[in-house]
Amino acid sequence: MRTSTWWRSSRLWLVLLLPALALALAASSFRFSALYLRWEWSQPTLLRAPGAYTQTFSTGTHTLQRTVEVGVAAVERAVEVEGEYAAGGTALWRVALDFAAAPDQILATCEIELEDAAGIRYGVRGAKVNADGDPDSTWVHRGCTPADAPGPTVDFDGQVREADTTRPQRWQVVTSVAVPAGVEPTLVRVMWDRPGYLRLTIPR
């Protein structure tokens, strides 16, 4: 009897509580998507063949857009790439990517990674040695643009700086990634500005 009486007397408050809970959940979801996911790699675009990628990004003072065509030319095992070798317990993979874009597109700052079937990511830095077997400290260009013609860049104050040398319309970048021995990469990741990034399947 007491339980039945409590339910009857509290029914109105329970009805009012449900919308409040819904609003709280919605606010929490908004904070997660608008604040947290904005600063993470949370918006992948999958390309199963060479294709175009368009991304809107902010320099801090301007909102701009980049459009670039990207394709995987090759991802293959290698002994040496640009003077770099795999450290013990790892295997070196040569990564060749084809790019095409107008010379005015801002593409200089980018990261290239390999991803395995479990979603584990491997970057272009680390787990490499030089010809003497020492940790490799040689500077190697690892970006997505030609080393001698990267195109326009963004200054620390968010202003766009025009390039001194015009970047070609098409070019290829070759880099390397060391992964644990026995691991087979399945995707290439190309990333400029969070939260969007590219996932490219590796031709077999």
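Analyst: A salt bridge is a side-chain nitrogen of Lys or Arg within 4 Å of a carboxyl oxygen of Asp or Glu. This is a predicted model, in which local features need pLDDT of at least 70 and side-chain atom pairs count only at pLDDT 80 or more, while totals for chains, interfaces and linings use all residues. Residues are numbered from 1 along each chain as its sequence is written, and side-chain values use heavy atoms, with hydrogens and water left out.

User: Why is the pair Glu115 and Arg199 called a salt bridge?

Analyst: The closest N and O atoms of Glu115 and Arg199 are 2.6 Å apart, and the limit is 4 Å, so the pair qualifies. Glu115 sits in strand β6 (residues 111-116) and Arg199 in strand β13, 84 residues apart; strands are DSSP runs of E with at least two residues, numbered from the N terminus.

User: What makes Glu115 buried or exposed?

Analyst: Buried means under 20% relative accessible area, exposed over 50%, and partly exposed in between (1.4 Å probe, protein chains only). Glu115 has 6% relative accessibility and therefore counts as buried. Arg199, at 21%, counts as partly exposed.

User: Why is Arg204 called exposed?

Analyst: Arg204 has 67% relative accessibility, so it counts as exposed. Its salt-bridge partner is Glu184, with the closest N and O atoms 3.6 Å apart. Glu184 is partly exposed at 40%.

User: How many salt bridges does a search of the whole structure find?

Analyst: The search finds 12 salt bridges.

User: What makes Cys110 and Cys144 a disulfide?

Analyst: A disulfide is a pair of cysteine sulfur atoms within 2.5 Å. The S to S distance between Cys110 and Cys144 is 1.7 Å, so the pair meets that limit. Cys110 is in the loop between β5 (90-100) and β6, and Cys144 in the loop between β8 (128-129) and β9 (153-154), 34 residues apart. Both Cys110 and Cys144 are buried. The whole structure holds 1 disulfide.

Notes: Helices (H or I, at least four residues) and strands (E, at least two) are DSSP runs, numbered from the N terminus.
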